[in-house]
Amino acid sequence: MLSYLNVFLTVYPEKSSYFVCILIRVEHITRKMSSIFERYQKGTSFTNWSERLGYFFDAIELIDSEMKKAYLITLLDAAIFSELKLLVSNRDLKLVPYEEIVQQLRDRYDQKECDFIQRYKFNNRIQQPTETVQDFISAIKVQSELCGFGNFKHSAIVDRVVIGIRDKVLQRRLLCEEELTLKSMEKIIATWELVRPNQVEKRPVKERLGILPISTTSGTYFEGAQRKHKTGYSNSICGFCGKLGHVTRRCFELNRLKEEKMVDVGAEMRTPITQANDDDSYNWKRLKKIH
């Protein structure tokens, strides 16, 4: 390309400034595109990252394998680069093909769990509180691809969805089907999702608002809910202190006197008001109320 450009500039020297601007613009675009693609982060899928990198190479029309390898290595941090050298047995990376480097890193960072572990996760999967039925089915389908079910895959998906679904009414509806298949189940659920917004929900208001019930040994209550004790004494008048809002057995002053043993409460309650003396705190309070 540069040779053709030199010939063109020799024939048309007056166009040199124009082509210089074009080259600067192309270089700027190339650098900008190279800054778009992020480095690989440990803990994420290297397979997905390398596939996206392949699409990026197609976008910038990068075909040369050596250039791909150089670009890949520059997107790896120092720790991953050291591990890569160990994976290729300390060979010179210039002699290792690009495809082999990608495969070695895939085997290193995308270690697959055995089918038994995947089936354990599949069989314990239930619908989450904030998860829709459609999202739940999609997650079950994705998980089933890793379990090695073979021809039993569709039946396993149906069983897991029926068992793990949160809506018990919909669950009973699915159980009423004699020959429930994956296709018929999805059709029933799709229809149910369309009809359900028009139905009146009978669940508690707090649960419909997303506040989940918490079960304890003392009962079931909603998170954040506070129990309010209703005494029923708001209109009662205490027979001891004469105040409104409580009864005698719940009177604070009476209980305080009992604890301090200042008076014989039982005897004073039986004493007429006219026989009160100044030393009797109980009768003094009663006289004060009367006068």
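**Contacts and cores**

Leaving aside neighbours within four places in sequence, W49 is in contact with F37, E38, R39, Y40, L72 and L75, where contact means heavy atoms within 4.5 Å. This is a predicted model, in which local features need pLDDT of at least 70, side-chain atom pairs count only at pLDDT 80 or more, and totals for chains, interfaces and linings use all residues. Residues are numbered from 1 along each chain as its sequence is written, and side-chain values use heavy atoms, with hydrogens and water left out.

Q: What makes a set of residues a nonpolar core?
A: Its members are buried (under 20% relative accessible area, 1.4 Å probe, protein chains only) Ala, Val, Leu, Ile, Met, Phe, Trp, Tyr and Cys residues, joined through side-chain atoms within 4.5 Å. The largest such core here has 23 residues, and F46, W49, L53, L72 and L105 have the most contacts inside it. A second, separate core of 20 residues includes F149, V158, V162 and L182.

Q: What makes the pairing of the E253 and K243 side chains a polar contact?
A: Their separation is 3.4 Å; the definition asks for N or O atoms within 3.5 Å, one able to donate a hydrogen and the other to accept it. The pair counts as a polar contact.

How values were computed: Buried < 20%, exposed > 50% of the residue type's maximum accessible area, 1.4 Å probe, protein only.
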